[in-house]
Amino acid sequence: RLLSDAELAIVDYVRETYGSVPAGELGKMTKVMNPEIDCWGGNLRADTGLDAYDRMTAEYQEMAKRAASITDEELRRHSLLVVNLEDAVA
């Protein structure tokens, strides 16, 4: 599905506003922007045990199944060719 003009405007705004923020700072910014959340995760090591997938929410499991079903051909069909790295991050 392609994004609507309104959705593209949001993506562009977020890219322009926050694209220069170092990845390591995004978590801190999220916490500052959401003071109503009183308990955050502790950046613990991911559990990769056999039952880890079963403990994920149903919504996350559905998303993971859809993502796993995407073929290379589908990715190629819906992706833009990047010739220059600067074009990819611009």
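How does glutamate 73 count at 45% relative accessibility: buried, partly exposed or exposed? Glutamate 73 counts as partly exposed (buried means under 20% relative accessible area, exposed over 50%, partly exposed in between; 1.4 Å probe, protein chains only).

This is a predicted model, in which local features need pLDDT of at least 70, side-chain atom pairs count only at pLDDT 80 or more, and totals for chains, interfaces and linings use all residues. Residues are numbered from 1 along each chain as its sequence is written, and side-chain values use heavy atoms, with hydrogens and water left out.

**View 1. The whole chain has five helices and zero strands.** Helices (H or I, at least four residues) and strands (E, at least two) are DSSP runs, numbered from the N terminus. The order along the sequence is α-α-α-α-α. The radius of gyration is 18 Å, whereas a compact globule of 90 residues would have a value near 12 Å. That radius is taken over C-alpha atoms, and the globule rule is 2.2 Å times the number of residues to the power 0.38. Along the principal axes, the C-alpha atoms fill a box of roughly 40 × 35 × 25 Å. Buried residues account for 2% of the 90 residues. The chain exposes about 8,600 Å², with 59% supplied by carbon and sulfur atoms (Shrake-Rupley method, 1.4 Å probe; for residues, only the protein chains shown count as cover).

View 2. A salt bridge is a side-chain nitrogen of Lys or Arg within 4 Å of a carboxyl oxygen of Asp or Glu. By this rule the count comes to five. Arginine 76 is exposed, at 55% relative accessibility. Elsewhere, salt bridges with shared partners join Asp12, Arg15 and Glu16 into one network.

**View 3. Lysine 28 pairs with glutamate 25 within helix α2.** The closest N and O atoms of this salt bridge are 3.5 Å apart. The two residues are three apart, about one turn of the helix. Lysine 28 is exposed, with a relative accessible area of 52%. Glutamate 25 is partly exposed, at 36%.

**View 4. Arginine 55 and aspartate 51 meet in a salt bridge.** The N to O distance is 2.8 Å. Both ends are partly exposed: arginine 55 at 49% relative accessibility, aspartate 51 at 41%.

**View 5. Tyr53, Met56, Tyr60 and Met63 form a nonpolar surface patch.** Together they have about 330 Å² of accessible area. Patches are made of residues with over 30% relative accessible area and no salt bridge; like charges are joined within 9 Å, nonpolar side chains (Val, Leu, Ile, Met, Phe, Trp, Tyr) within 5 Å. Tyrosine 53 sits in the loop between α2 (23-33) and α3 (58-69). Tyrosine 53 is partly exposed, with a relative accessible area of 31%.

**View 6. Leucine 85 lies in helix α5.** This helix covers residues 85-89. Leucine 85 is exposed, at 65% relative accessibility. The C-alpha atoms of leucine 85 and glutamate 16 are separated by 18 Å. Along the chain these two residues are 69 residues apart.
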